[in-house]
Amino acid sequence: MRSEQFMSLTVLPGTNRGGEREGFDRISLCPGDTLSIVGSTGSGKSAFINDIEVLAQGDTITGRSILINGVPPSDEMVRDPSKKPIALITQNTRVIADLTVCRFLALHIRARDTDALELVKRTVTLANEFTGEKIAESMRMTELSGGQTRSLLIADAILIGQTPILLLDEVENAGIFKEKVIRCLKHYNKAVIFVTHDPLLAMITDRRIIMKNGAVTGVLEPGTAEREMVSHISGIDAFLGELREKIRAGDLIETDPLPGKKQVVTA
Ligand SMILES: Nc1ncnc2c1ncn2[C@@H]1O[C@H](COP(=O)(O)OP(=O)(O)O)[C@@H](O)[C@H]1O
Ligand SMILES: [Mg+2]
């Protein structure tokens, strides 16, 4: 399904681990909407986005059903990966094909019937905006780090697959600039769901789903207080990101003060 044909994704409720119906009527996402999913380990976050990825029709352990544009998806959409409007990228997503980045992207482009070389370049350039460890077209897919792989697959889903819906399962932990990713996904009008433990990501999404015991127990919309905190937290996060890069590069940290922290000047 092409982006322009996608209008909405709807999740209809299932049951929690005890078999009780979960606490929402329907959750819908349109192009440009961002949603985060939070909850402790084992609370059912991955199961929730897997239901979306497989376009569940009451046939998974949770009993949820998914509608695309308000109706159950066609059999063709469920069976044929190229018709599926969804890309799922997880912490463990690795590409095991022994190909260079350039070959991998070119094969995907050919499958999608679009113009090749220039698009490979644009995709690698976009991926490199998401990661501090630069990707070259000549690198092998199998030697990319986790952060490089995820950055490349996000750029690939945006520019080559042109997938309208992206599901990202705990991808923030290593090596991607998450605010850049989210800004870019908004720019391309994607519907995005992040499973996350990251407070900044949880606070910059439009809505936040709370999971417990296998079920959705609440859907929150960040209020003014959270909105106001975001820019402050974003500064702290950028600072930590820079520190992380410097430490990884082997530098010694000497002078940088924390953002917002007054430097004590002694006379
Ligand atoms: N609604 C549910 N009913 C029954 N089992 C569930 C339900 N939701 C999740 N599970 C199961 O619970 C386990 C943990 O869920 P998972 O989605 O991996 O949690 P998380 O991603 O939050 O750590 C998995 O084995 C999953 O299949
Ligand atoms: Mg999980």
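User: Which residues come nearest to ligand 1?
Analyst: Keep in mind that this is a predicted model. Of the 16 residues around ligand 1, the nearest are Gly44, Lys45, Ser46, Ala47 and Gly214.

User: And which helix gives the largest share of that shell?
Analyst: That's helix α1, residues 45-53, with 3 residues.

User: How many nonpolar, polar and charged residues are in the shell?
Analyst: The shell around ligand 1 has 11 polar residues, 3 nonpolar and 2 charged.

User: OK, new topic, the sheet. What's the strand order?
Analyst: The order is β5-β6-β7-β3-β8-β9, in an open sheet of 6 strands with mixed pairing. The edges are β5 (86-90) and β9 (215-220), each of which pairs on one side only. On average, neighbouring strands of this sheet are turned by 20° against each other, direction ignored.

User: What do you mean by pairing?
Analyst: Strands of a sheet pair through backbone hydrogen bonds, either parallel or antiparallel.

User: So which way do β8 and β9 run?
Analyst: Antiparallel: 5 bridges join β8 (residues 207-212) to β9. For instance, arginine 208 has leucine 220 in β9 as its bridge partner.

User: And what does β3 pair with?
Analyst: β3 runs parallel to β7 (residues 191-195), with 4 bridges, and 4 bridges also join β3 to β8, again parallel. Leucine 35 stands opposite isoleucine 193 in β7, while isoleucine 37 has isoleucine 209 in β8 as its bridge partner.

User: Is β3 buried or exposed?
Analyst: Buried: 5 of the 5 residues of β3 (34-38) are, so the strand is largely enclosed by the rest of the structure. Thr34, Ser36 and Val38 are on one side, Leu35 and Ile37 on the other, and both faces are covered.

User: Switching to α4. Which of its residues are buried?
Analyst: Val120, Thr123, Val124, Ala127 and Phe130 in α4 are buried. They cover an arc of only 110° around the axis, so they sit on the same side of α4. The face turned away from that buried side carries the exposed residues Glu118 and Thr125.

User: How far apart are the end C-alpha atoms of α4?
Analyst: They are 21 Å apart. At 1.5 Å a residue, the 14 residues of α4 (117-130) should span 20 Å, which agrees.

User: Last one: where is glycine 70?
Analyst: Glycine 70 is in the loop between β4 (65-68) and α2 (75-79).

User: Why does glycine 70 count as exposed?
Analyst: Because it has 10 C-beta neighbours inside 10 Å, and 12 or fewer means exposed.

Definitions and conventions: Residues numbered from 1 in each chain as written. Chains lettered and ligands numbered in written order. Predicted model: local features only at pLDDT ≥ 70, side-chain atom pairs only at ≥ 80, totals over all residues. Near = placed C-beta within 6 Å. Helix = DSSP H or I, 4+ residues; strand = E, 2+ residues; numbered from the N terminus. Nonpolar A, V, L, I, M, F, W, Y, C, P; charged D, E, K, R; others polar. Pairing = 2+ DSSP bridges. Axes fitted to C-alpha atoms, helices over the stretch in contact; angles between N-to-C directions. Expected span 1.5 Å × (residues − 1). Buried ≥ 20, exposed ≤ 12 C-beta atoms within 10 Å, placed from the backbone. Arc of directions from axis to C-beta.
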